[in-house]
Amino acid sequence: MRRANPQRLAVLWAALVAAGAASLTAAEPARCGGFSLTDAADELGVAFVHATGARGEKHLRETMGAGLAWLDYDGDGWWDLYWVQSDGADALFRNLDGAGFEPVGLPEGAAETGYGQGVLAADLDGDAAPDLWVTRDGADLLYRNRGDGSFEPAAAFGPEVWSSSAAAADADGDGDLDVYVSRYVEHEVGEDVFCGDPDTGERRYCDPSLFPGAADAYFENLGAGRFRDATETAGLGGASGRGLGVLFVDLDADGHADLYVANDLTVNFLFAGRGDGTFEDLSLISGSAVNRDGRPEAGMGVAVGDHDGDLDPDLAVTNFDVETNTLYRNLGDLAFADVSGPAGFGLPSFNLLAFGLVAADLDHDADLDFYVANGHIFEQPARENVLYRQPDSLLAGDGQGNFSPVACPLLDETPTVARGLVAGDFDNDGDLDLAVQENGGPARLLRNGIDDERWIGLQLRGAAPNSEAVGARVVVESERRSQVRWVTAGDSYQSTSDRRVHFGLGDQGAAAVEVGWPGGVARRFLDPPAGKYLVVWEE
C-alpha cells in the first residue's frame, strides 16, 4: 500500500454535530447492562407497518420479511430511512434534523408488481447521491437519485426470480460499484406443495428444504446506471444455494473485494476476488462454508468486524434455532475457524432463530458488540421451548473475541418476528441507533442513549465514481490498542447500514487515524478530535 507522509488531521468539513447536540424529548432510556436503548419509533413519527400479504394460502415468502436502509438521500447530513414493503408500496422517511421523521414521496414505480424483499442503498452511478437497488420476488428495481431529493426508475433486472440481499463493491477495478444479488429458491406462488394436515386440509408453511435454490447473479457496472449480467464470465455461474445474506469485503488484505454469502441449508459461499471482475471459489477450503462439525447451516444474515483485536476481518452468520449463530475467526490467507462455542457467541442463540445482524460498538467501550434480530418462520415451532415471537439479542464483546449476553428488559418484554436490521446514528449524537423491520408488524427504531464524547466518526468522500469510498479500511490507533472498520455497501439481512465508520474510544482516546482508500493510497492523521464526525476527502 502506498502511503502519503504523516500529517496532522485536517477537518475537511465541519463536524456534523458535536456529541449531544440533537435536542430531543424522550422517554427515560431502558438500561441494558452498560447499554441504553429506547423504542422511539412512535415518538419520532416512523409510522410504518410491514405487510406480508398473507391470506391463508401459506406461501413461503410470507415468512421471510423484508429489509431496510439508512441513507442520506437528500444530502443534508441527516440519515433517512427506507423501508421495503412486501405486499404494497415501500416507504421513505426523511430525517428532520434528528428530531423526528416524515414520510416523503416514494420513487416512481415503487408500488409496481413484485413482492418486496431487500434494499441496497449506494451511489451506483457515481454522482455522489445514493441510489436504491430494491430486490423482490419478481424483477429487481433500480432507482437513481436525481440529486434533488427525488428518485427516478432506471431499470428493472430480471428474470422475475426470488431475490433476497444485494451488496456492492468495485470488483473489477474500474472505480464504479458492481452488484451481487443473492437469490433464494425456485418458487411459484400458487404452485406450492401442500404442507399441513391432509385430513383437515389446514395449511402450514413449508420447510425451505422442499424447494431448490435459485441461482445468484453478479452485475457489472457499465456506468450511468447501466449494468450487465456478468455472472458466468465472473466465474460465479455455479452459485446456487438458497442465498440470503451477502457482503463484499477484502478478507485477505490484497486490495481486492472478496464475496461472502450466507446460504439457507446449503454451504455458505466464499469467493476470492481477483480484482478484475472474476472470482475463485474457496468456499469449502476456507472453513467458512460449514460449522465446526462440518455441517452446512441455515444462514440468514451476515456481519463483518474485527472481534478479537488482530486487525483482520472476522465473519458472523445468523442461523436457525438449535444450530446456533456462527462466528468465524480469520486465520489469514482466507482461512477461517468456527469459534462460536469458545467465544460465547453461539450458545445464547440456541433457542432462537436469527435474521438481521449488526456488529458495532454500541456502548463506546472500544470493543465490538452484536445486536441480533430474532423471530421464527413457523407460527407453531416444532420444539416446545421455541417461540414464534422472540426477543432480540444483545451480546457484549470484550475486544479479545469473547462475548456475553446482556439482559435487556426492553427486548425481553417486547418479543417480535424481526427480520431486517441496520445500525445508524440518526440524531448525529455519536452513538449508533438501531432500526428493525418486523415481519407483519410495526417498525422499530431503538434510540441509543449514551451521553458522552468517547467516540469518533468518519464519513469518507471518495473520488468519483466511488464517491462513498466503498472498500476503504479505517484504523483508529490509541496508546494501548488499535481498532479497524471496513466501508461496505449491503450487510445484515436484506439491508444497508449507515455508511459512516464509527469507533467507540473507551478511556483510551485516539492518537491517530489511518485511512486506506480503495485505490491503495493510505493517509495517516495525528490527534483527531473525539466526539465529532469528520468528513475526509480522497485526494
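# Reading the calls in a predicted model

Tutor: The charged end of Arg461 sits over the ring of Trp537, 5.9 Å from its centre. This is a predicted model.

Student: How do you know that the radius of gyration of the protein chain agrees with a compact globule?

Tutor: For 539 residues the globule rule gives a value near 24 Å, and the chain has 21 Å, which agrees. The C-alpha trace spans about 75 × 55 × 50 Å along its principal axes. Of the 539 residues, 61% count as buried.

Student: What does the secondary structure of the protein chain come to?

Tutor: Two helices and 36 strands.

Student: Why is the aromatic pair of Phe370 and Phe403 called tilted?

Tutor: A search of the whole structure finds 18 aromatic pairs. In the pair of Phe370 and Phe403, the centres are 5.1 Å apart and the planes stand at 55°. Centres must lie within 6.5 Å, so 5.1 Å makes this a pair. Stacked needs under 30 degrees and edge-to-face over 60, so 55° leaves tilted.

Student: What parts does the pair of Phe370 and Phe403 tie together?

Tutor: Phe370 belongs to strand E24 (residues 369-374) and Phe403 to strand E26 (residues 403-405), so the contact links parts 33 residues apart in sequence.

Student: Are Phe370 and Phe403 buried or exposed?

Tutor: Buried means under 20% relative accessible area. Phe370 has 0%, so Phe370 is buried. Phe403 has 8%, so Phe403 is buried too. Elsewhere, Trp133, Phe157, Phe219 and Phe227 form one aromatic cluster.

Student: Why is the contact of Asp74 and Arg94 called a salt bridge?

Tutor: The cut-off is a side-chain nitrogen of Lys or Arg within 4 Å of a carboxyl oxygen of Asp or Glu. Asp74 and Arg94 meet at 3.0 Å, N to O, so the pair qualifies. Asp74 lies in the loop between strand E5 (68-71) and strand E6 (80-83), Arg94 in strand E7 (residues 91-95), so parts 20 residues apart in sequence are tied together. Asp74 is partly exposed at 24%, and Arg94 is partly exposed at 27%.

Student: What makes Asp321 and Arg383 a salt bridge?

Tutor: Their closest N and O atoms are 3.4 Å apart, so they too fall within 4 Å. Asp321 is in the loop between strand E20 (314-317) and strand E21 (326-332), and Arg383 is in the loop between E24 and strand E25 (393-397), so the link spans 62 residues in sequence. Asp321 is buried at 8%, whereas Arg383 is partly exposed at 25%.

Student: What parts does the salt bridge of Arg481 and Asp367 tie together?

Tutor: These side chains meet at 2.7 Å, N to O. Arg481 lies in the loop between E31 and strand E32 (482-486), Asp367 in the loop between E23 and E24, so parts 114 residues apart in sequence are joined. Arg481 is partly exposed at 23%, and Asp367 is buried at 11%. Shared partners also join Asp74, Asp76, Arg94 and Glu102 into one salt-bridge network. The search of the whole structure finds 20 salt bridges.

Student: Why is Leu347 called exposed?

Tutor: Exposed means over 50% relative accessible area. Leu347 has 67%, so Leu347 is exposed. Leu347 sits in the loop between strand E22 (335-338) and strand E23 (354-360). With Val322 and Phe350, Leu347 makes a nonpolar surface patch of about 280 Å².

Student: Which peptide bond is cis?

Tutor: The one from Ala464 to Pro465, with omega near 10°. Pro465 is in the loop between strand E30 (455-461) and strand E31 (473-477).

Technical notes. Residues are numbered from 1 along each chain as its sequence is written. This is a predicted model: local features need pLDDT of at least 70, side-chain atom pairs count only at pLDDT 80 or more; totals for chains, interfaces and linings use all residues. Side-chain values use heavy atoms; hydrogens and water are left out. Patches are made of residues with over 30% relative accessible area and no salt bridge: like charges are joined within 9 Å, nonpolar side chains (Val, Leu, Ile, Met, Phe, Trp, Tyr) within 5 Å. Accessible areas come from the Shrake-Rupley method with a 1.4 Å probe; for residues, only the protein chains shown count as cover. Helices (H or I, at least four residues) and strands (E, at least two) are DSSP runs, numbered from the N terminus. Buried means under 20% relative accessible area, exposed over 50%, partly exposed in between (1.4 Å probe, protein chains only). Rings of Phe, Tyr and Trp (its six-membered ring) pair if their centres lie within 6.5 Å; planes under 30 degrees apart count as stacked, over 60 as edge-to-face and the rest as tilted. A charge sits over a ring if NZ of Lys or CZ of Arg is within 6 Å of the ring centre and within 35 degrees of the ring normal. The radius of gyration is taken over C-alpha atoms; the globule rule is 2.2 Å times the number of residues to the power 0.38.
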